[in-house]
Amino acid sequence: CVLKPTAADIVYPHHYDGYDRPALPCDTLFPKLPDGNPHPDFTGWPVPSGCTTLTASFSDLRIPICGNTYKILRRWIILDWCSGEIYEFPQIIKILDEKAPTFKCPEDITMGMKPYTCLSEGKLPAPDSVVDCNQWSYDVFTKLENPIPGQPDIVSKQYIEYDNKLKCFYLRGAPPGRIWIEYHVEDVCGNFDTCTMEVGVVDDLAPIPVCDQKTVVALGIDGTAKAFAETFDDGSLDNCGIKEFRVRRMDDPCNSGTDQFGPFVWFCCEDVGNTVMVALEVTDQHNNRNTCMVEVTVQDKEAPVVIPPTDITIQCDFPIDFSKLSIFGNMVRRQEDRKDIIVPDPFYAHLNYVAGIDGWFYDNCEATLVETHITNILCNKGTIKRIFEATDREGLITVDTQTITLVNTKPFKKTDI
């Protein structure tokens, strides 16, 4: 050897233990040996470059810590070929995970409800774009406002369920409204970070309307009927409760203005004998709506009223035209149109020939009147019966009779011979 190296020429590598030099983060890119350990080109050689009389070799003892992190006890052996002396040096290298995972918190979402309940039912999204040099997992919690002023929010597993089969979290049983969801992402070395997103629990389920398939409505004495929306309900359902019923006719021959949704509908005489289609609208507590249809049969239960003209008594010699029996009184539709019956017969001379008053017929709906008569006259004495038959739209019939009696106030006597 021209220049004999000594122990002073050995440059002992630094420790990467967090004291001498910082430990190596597990996400650091560095040259590696075939076994994955850091290459001495990165962590240092003890022998200066170009020295041929000092030879260094090493062996590594890897001590696992957690996940992909570990400690290396690198045992260096340095041989001085000139003197034959051997030097040993232990180098400590740590590859650590001291950073929490980085990730993107899920965006705020809205969530519906489980059918037939007013409580949430929905899958919670997983955290996105998670970056960590180790394996990681996440957990989900609800964060509720503490009812005690000044106290921290309550973080718990309330409403959170994990589905082992689908490997995801669900929010189940939360009431309508906004609720905070806290994500806790942690790697196998215990490093973690959290974030919070909001879930809006909304009732997106429309009511289930149940209608009376067929409904019968009877008109009143004035020829109309008012039916409220609840009349047509037959047990409609909603998961959060029903707020109101509204109803409308599909057409409006009555000109009632109830062909738009409102609290009730009107029916009238124009509907008698027809099938009226009615829509029932059901609205729940969160303004979801649904409708069903009802067939309404409108009936007129009020029979016509017939008040015949006053019964008349006349002399047997009174001239009668059977085609003009209206001389004994007319039938009118309005009571105010009734007039006195004037019969020029001596029987009514003392009454200024006023024999009575006209007849009157009416119905809550329109009615038609048919007049017939029958006679029972013998020797110019007897009766004439005027029969008045009124029929309404429903087919109800009312019949009444006026009797015209023929009398002989001056019968023939023997003394008249």
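I started at R386, which sits in strand β28 (residues 381–392); strands here are DSSP E runs of at least two residues, helices are H or I runs of at least four, and both are numbered from the N terminus. This is a predicted model, where local features need pLDDT of at least 70 and side-chain atom pairs count only at pLDDT 80 or more, while totals for chains, interfaces and linings use all residues. Residues are numbered from 1 along each chain as its sequence is written, and side-chain values use heavy atoms, with hydrogens and water left out.

Is R386 buried or exposed? I noted it as buried, because its relative accessibility is 1% (buried means under 20% relative accessible area, exposed over 50%, partly exposed in between, with a 1.4 Å probe and protein chains only). Leaving out residues up to four places away in sequence, R386 touches a list of residues including P309, F328, E371, H373, D400 and I404 (contact means heavy atoms within 4.5 Å).

Which residue does R386 pair with in a salt bridge? I found E371, with the closest N and O atoms 2.8 Å apart (a salt bridge is a side-chain nitrogen of Lys or Arg within 4 Å of a carboxyl oxygen of Asp or Glu). The pair links distant parts of the chain, since E371 is in strand β27 (residues 367–378) and R386 in β28, 15 residues apart. E371 is partly exposed, because its relative accessible area is 39%. The two side chains also make a polar contact at 2.8 Å (a pair of N or O atoms within 3.5 Å; within protein, one must be able to donate a hydrogen and the other to accept it, and residues adjacent in sequence count only if both atoms are side-chain atoms).

**Other salt bridges**

I then looked up the total: the count comes to 18 salt bridges. One of them joins the side chains of K143 and E182, at 3.9 Å from N to O. K143 is in strand β9 (residues 136–144) and E182 in strand β13 (residues 177–187), so this pair ties together parts 39 residues apart in sequence. K143 is buried at 18% relative accessible area, and E182 is buried at 14%.

I also checked R334, which forms a salt bridge with E336, closest N and O atoms 3.6 Å apart. Here R334 is partly exposed at 46%, and E336 is exposed at 57%.

**D97**

Next I went to D97, in the loop between β4 (86–96) and β5 (102–104). It counts as buried, because its relative accessibility is 9%. Its side chain makes a polar contact with the side chain of N134 at 3.0 Å, and the side chain of D97 also reaches the backbone nitrogen of K99 at 3.4 Å. Setting aside neighbours within four places in sequence, D97 has contacts that include C26, T69, D132, D187 and N191.

How many residues does the largest nonpolar core have? I noted 22, and L219, F232, F267, V278, L280, V296 and V298 have the most contacts inside it (a core is a set of buried Ala, Val, Leu, Ile, Met, Phe, Trp, Tyr and Cys residues joined through side-chain atoms within 4.5 Å). The elements giving two or more residues to this core are β16 (224–228), β17 (242–249), β18 (264–268), β19 (275–284) and β20 (289–299). I picked out L280, which is in contact with residues including C211, A229, F232, F245 and C292. A second, separate core of 20 residues includes M111, M113, V140 and I160.

L61 lies in strand β2 (residues 54–66) and is partly exposed at 48%.

**Positive phi**

Last, I looked up two backbone angles. N255 has phi near 55 degrees, a positive value in a residue other than glycine. Its place is the loop between β17 and β18, and N255 is exposed at 70%. Phi of C379 is near 55 degrees too, again positive in a residue other than glycine. C379 lies in the loop between β27 and β28 and is exposed at 68%.
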